[in-house]
Amino acid sequence: MNKTTCPLDCYDACSVIFEEGKLKGDKAHPLTKGYLCPNLNAYLVEPRIVKPRFKNKEIEMDEAVQILATMLKEAQDLDTLYFKGHGNFGRLQDATAHFFKEYGATFTKGSLCDGAGEAGVIAGRGESLSLPYEQIAKSRIVVVWGRNISVSNSHFMELLKDKILIVIDPVKTELAKKAAIHLQIKPREDLYLALLFARFVYIEQMENYDFIDNFTNDFDYFVEFIRSFPVKTLTDRVGVELEDVLTALMLMEKEKVSILVGVGVQKYAHGHSVLHAIDSFAAMMGFFGKEGCGVSYLGNSGLGFENIFPKGKKQVPMATVDFGKYDLAFIQGTNPANQMPNSAKVIDGLNKCKFSVYFGLYENETSKLADLVIPAKNFLEKEDVRFSYGTDFIGRMPKLAESEIGISEVELTNRLCEAFGYETLPCEKEMIEKIVGNNVYEKEGYLRNKEYQEIPYANGFYTDDENFQFMDEYEDEICEEEGFFLITCKQRHSLNSQFKRDTHIYVPKVCGFEDGERVRAVSSYGEAEFVVKVNEDLRDDCVMIYSGTPGVNFLTPDELSIEGDSAIYQETKVILEKVDA
């Protein structure tokens, strides 16, 4: 059987069967159970880059590699940027880092999507472990906090069928419509809802002191911290009825509770504080280290495994890279001209960069600006292995197809190393075995990560003293801009800037626009035009544009989170102007 693993950027990392040129779901997999999302089903029909290009002229692969090597030699004493995306999870895709580290290029650090939240999780727990699906299945109450599971994590929907659901989201998602409680909070105020929950846990004496006394630090400081926030102030900021907040909290009392947190809650400057506050509330209730309980954000997919492709010493934050400062930029597996915040500045930088290289599968805004375009192999045409930030499954990705199109990351790396006299990499299978090592075990016929305990944190946290660290301070500034809060989120039929991208801005009725009208959205960072769709599921103070929509990131700020070197896409408001026909 030709079994492999989906390479796309989502929680589930589906197990896949490749037969007769088609991708099919693996019905035997205990979680994904044979279902594939629309994006993977479209993977093989999405038009690929077939031939390398230099200055918009098609060339052969040997010539493309030679041009790249020549340009790198000419730029060796200058400043070169290595910019690799994180949206594809084959570990050997990082192989190019081996060459660029030896070469002395500038690497990126931080994240475009989840770094602020990860920093908050690490502050309390030491490491971010995702909650195994088996534990979610044992929960009685599931809190879905800023995470549209039917879109971004669809295989978990089966786990939620018999649960009491509490959904916390500014958007009335399909899951929110089925929930026992939907707290349709004001955008950006998740931190204050977590503190409000904690405040009432203390008032109603719902704390789990057995857990607090044995597995945490600085609880007294946390109590002093939350008591500094008046209940009315917190309630006003959150923007929901206090009665609903209390009802949600009472549902959680003395129950097995899983809290599934999405990246939307931390797309702000204070994003680390949001996750630390949610974790602190959960620790106060004793939701860690117990069967059927836990808080699950994006897990550290590489925890316990050797990183055989470390970064170079020179690093700059990914979210604020100025491509115009570099003599050569090597861009792999990502589309910064669309995906990075403040698109106008990014595109200007790419145009000013003396020589830019795009290495990837598909045409996009960035490939069209590049001087040299090199097509890559897809996941069926090379050996690899992937981890998952949503589960503890380890997916093997054997070579299952031959193709004349593209070049693999390992082959390109070795050809560049040969050109520069650097040590080349061993074969793919040898590197995969070195990465995986003895850190996996087999369960139900599938590889799992040993580091992810059956019940995460049951044996302590990853902090120095193995205790959870409560928060006792935060940094935040009230957003004083006029306009509507901008919400950016994933769309069902697209992924980042791949596949079927949307073109709309979704607005509440209060805006006064009608479906099909064109509007200009204006922020402090830029403007872009969109087609209107009225959406009754939004709060009156919000508009929504899906991630990857052409133009969306002309509106978003090229600034960093306070912790985590992360992009803060939703730290802005927009004003809408009707565009005359």
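This is a predicted model: local features need pLDDT of at least 70, side-chain atom pairs count only at pLDDT 80 or more; totals for chains, interfaces and linings use all residues.

A: A polar contact is a pair of N or O atoms within 3.5 Å; within protein, one of the two must be able to donate a hydrogen and the other to accept it. The side chain of Asp9 makes such a contact with the side chain of Tyr389, at 2.9 Å. Asp9 belongs to the loop between strand E1 (3-5) and strand E2 (15-19). Although Asp9 is buried, it has no salt bridge. The nearest side chain of opposite charge is that of Lys490, 4.4 Å away, and a salt bridge requires a side-chain nitrogen of Lys or Arg within 4 Å of a carboxyl oxygen of Asp or Glu.

Cys489 lies in strand E23 (residues 484-489). Its relative accessibility is 24%, so Cys489 counts as partly exposed. Leaving aside residues up to four places away in sequence, Cys489 touches Lys267, Met544, Ile545, Tyr546 and Ser547.

As to cysteine pairing, a search of the whole structure finds zero disulfides. Cys427 is in no disulfide, and the nearest cysteine sulfur, that of Cys417, is 15 Å away. Cys427 is partly exposed, with a relative accessible area of 43%. Cys542, at 0% relative accessibility, counts as buried. The closest cysteine sulfur to that of Cys542 is in Cys511, at 9.9 Å, which is too far for a bond.

Helix H4 (residues 115-125) is a further element with buried positions: Gly115, Ala116, Gly117, Gly120, Val121, Gly124 and Arg125. Their cover includes helix H13 (271-285), strand E13 (294-296) and strand E22 (468-469). After H4 comes Gly126, with a positive phi near 90°.

The strands also form an open sheet of six, in the order E5-E4-E17-E16-E15-E6 and with mixed pairing. Strand E5 (57-58) and strand E6 (80-84) stand at its edges; each has a single partner strand, so one side of each is left without a neighbour in the sheet. Within this sheet, strand E15 (residues 328-332) and strand E16 (residues 355-360) run parallel and are joined by five bridges. Ala329 stands opposite Ser356 in E16.

Definitions and conventions. Residues are numbered from 1 along each chain as its sequence is written. Side-chain values use heavy atoms; hydrogens and water are left out. Helices (H or I, at least four residues) and strands (E, at least two) are DSSP runs, numbered from the N terminus. Buried means under 20% relative accessible area, exposed over 50%, partly exposed in between (1.4 Å probe, protein chains only). Lys and Arg count as positive and Asp and Glu as negative; His and the chain ends are not counted. Contact means heavy atoms within 4.5 Å. A disulfide is a pair of cysteine sulfur atoms within 2.5 Å. Two strands pair if DSSP finds at least two bridges between them.
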